[in-house]
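Got a minute to go through some labels and the cut-offs behind them? Here is the model to keep open while we talk.

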Amino acid sequence: MEKFYTLFSLVVAHLIISQKVLALPSLPLHTNSRWIVDEDDKRVKLACVNWVGHLQPMLVEGLSKQPLDTISKKIASMGFNCVRLTWPTFMVTNDTLSSMTVRQSFQSFNLFESIAGLQVNNPSLLDITVVQALQEVVKNLGENNVMVILDNHVSKPMWCCNRYDGNGFFGDRYFKPRIWLDGLNKIATLFNGVSNVIGMSLRNELRGPRMNNSVWYNFMQKGAEVVHDANPNVLVILSGNDFDKDLGMLKNQPVNVSFKEKLVFEVHWNSFAATDGWRNGNPNDVCASQVQFFRDHAFFLLDQGYPLFMSEWGVNLRGNDVADNRFSSCAFALAAELDLDWGLWALMGSYYYRETVMAMNEYYGVLNWDWSEVRNPSFMQRLSALQSPFRGPGLSDHEQYDIIYHPFTGLCVPKSSEAPPVVPVKLDSCAQPESWTYTPEKNLQIKDSYYCLQADGEGKPVKFGTDGDCNSPSAKWERITSSKFHFSTMVGNTTLCLDLGSNNTIVTNQCKCLIGSCEPATQWFHIIPSTIRYD
Ligand SMILES: *[C@@H]1O[C@H](CO)[C@@H](O)[C@H](O)[C@H]1NC(C)=O
Ligand SMILES: *[C@@H]1O[C@H](CO)[C@@H](O)[C@H](O)[C@H]1NC(C)=O
Ligand SMILES: *[C@@H]1O[C@H](CO)[C@@H](O)[C@H](O)[C@H]1NC(C)=O
């Protein structure tokens, strides 16, 4: 009895400590219009991180630095519920490669330091085959409640992607459709019955001179059928053309497959879709034109009733890349507005061997070089609001309301427990956001109340006016610039914009960076539709 209680309290203590880590949803998943849902038809928002296993050694990165279970636990504790795990076709279609042990694979590239690291951190993986090692990794992620999407990234194990690397499009040197279909079939079959494998993406970033829409339909439909036949549980995820920036063909012609409620599309959005623009243009204009581009080429699928998985997006986490920094606030705003499923690029702190470099640092990686710590804690804080859903089936039948979201910090205006609402208004976690309506009269009004957000002058915190004050010019907020992310108002003769003040207080300042190459993002706010109540 005593033992029982001791064990019981240990279990409870463990539950309390690990409360941030989610349980697996009821699997398998399927789709319900644009949403990915579980067996109970409840939305599951994919908040994934990319973990590379498609380079020459054919083993997911980092296992020379930390034990597998430590990495899996870290993934879960950072709030990711899923890994997009990349694999190369030839690992399963070429007998020489698939029968190699991890040790032999690393030896063939003279990666002796990595072998020594594996010997210390993951000795049990060294003398099993690379395919068995993949199975062990997937299993361990499952034991830590992390879902897995197996992404066919390249054919030949190597760094991806350029137009002429022989892995870009059907018919390229290393990309023979029959071998690709064989590889998909093998992996789908191997993981049939492994419940935490919830999806397979058919091929990463189609590209290159052979790119052709009718060829895309032909083989993507075949690949989808092969995967579904071998493993009917998985979501079948289709990448667009042109480095996965273009799914525009689907506006006119849907994909024709024999199965239902399993089809998902994926899109990649990074600063390099418009590097010069982000560096040299006005971020409002570049954000507006990028958003328009991706609405036309990908986001429209949500309105057609398909889930769209933004399976690669990310930034240099050293924070010194101007293009990435400007891009990030735009991408955070859209990912929140559309409540996208997503996969951050990337997990890796470093690579065993990338291109010609050993132990290469990955500045886009959420972990540091030796995989021991988070590279940039404030970025993880910013990401956390996007790791939970804002809306979707089965979560809450609450009436839709607006959240005021600040993409630069990833914070929201939290619920005020009092009336009149607490001032100064401070941005905080999005976990319990205030419900607002942005009214046709251009008030930012707390829903079902008389309280309107009102400017009080330059450099001063915003305040709350009540009933009559909602008609005051200083309580009317115009969404200006092409991005529509600046909220401007008039105090006397001065035009002011919402801005981030000290200690996350919301203030009004002169509107900034309306033109030119500069940094407007502290003044960017966005209205996010939500139906979720966390209280
Ligand atoms: C299999 O892979 C090995 C090692 O990379 C290579 O030498 C061989 O040509 C490949 N075989 C086939 C049939 O592609
Ligand atoms: C695309 O491929 C189809 C079938 O092979 C071919 O008929 C068509 O001409 C190609 N289109 C372009 C633009 O190359
Ligand atoms: C879809 O594919 C099936 C099976 O290949 C075929 O019979 C049918 O005609 C196709 N439908 C369209 C609209 O192309």
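Serine 271 touches Trp278, Ala323, Asp324 and Phe327, leaving aside residues up to four places away in sequence; contact here means heavy atoms within 4.5 Å. This is a predicted model, where local features need pLDDT of at least 70, side-chain atom pairs count only at pLDDT 80 or more, and totals for chains, interfaces and linings use all residues. Residues are numbered from 1 along each chain as its sequence is written, chains are lettered from A and ligands numbered from 1 in the order in which they are written, and side-chain values use heavy atoms, with hydrogens and water left out.

Q: Why is serine 271 called buried?
A: Its relative accessibility is 4%. Buried means under 20% relative accessible area, exposed over 50%, and partly exposed in between (1.4 Å probe, protein chains only), so serine 271 counts as buried.

Q: What makes the link between the side chains of serine 271 and aspartate 324 a polar contact?
A: The distance is 2.5 Å. A polar contact is a pair of N or O atoms within 3.5 Å; within protein, one must be able to donate a hydrogen and the other to accept it, and residues adjacent in sequence count only if both atoms are side-chain atoms.

Q: Where does serine 271 lie?
A: In the loop between β8 (263-268) and α11 (275-280). Helices (H or I, at least four residues) and strands (E, at least two) are DSSP runs, numbered from the N terminus.

Q: How do you know that cysteine 48 and cysteine 82 form a disulfide?
A: Their S to S distance is 2.0 Å, and a disulfide is a pair of cysteine sulfur atoms within 2.5 Å. The structure holds seven disulfides.

Q: Why does the pair of cysteine 48 and cysteine 82 tie together separate parts?
A: Cysteine 48 sits in strand β3 (residues 47-51) and cysteine 82 in strand β4 (residues 82-88), so the parts are 34 residues apart in sequence. Both cysteine 48 and cysteine 82 are buried, and the link is right-handed, with 85° about the S-S bond.

Q: What makes cysteine 513 buried, and why is cysteine 518 called partly exposed?
A: Cysteine 513 has a relative accessible area of 10%, so it is buried. Cysteine 518 comes in at 21%, so it counts as partly exposed. A disulfide joins cysteine 513 to cysteine 518, S to S 2.2 Å.
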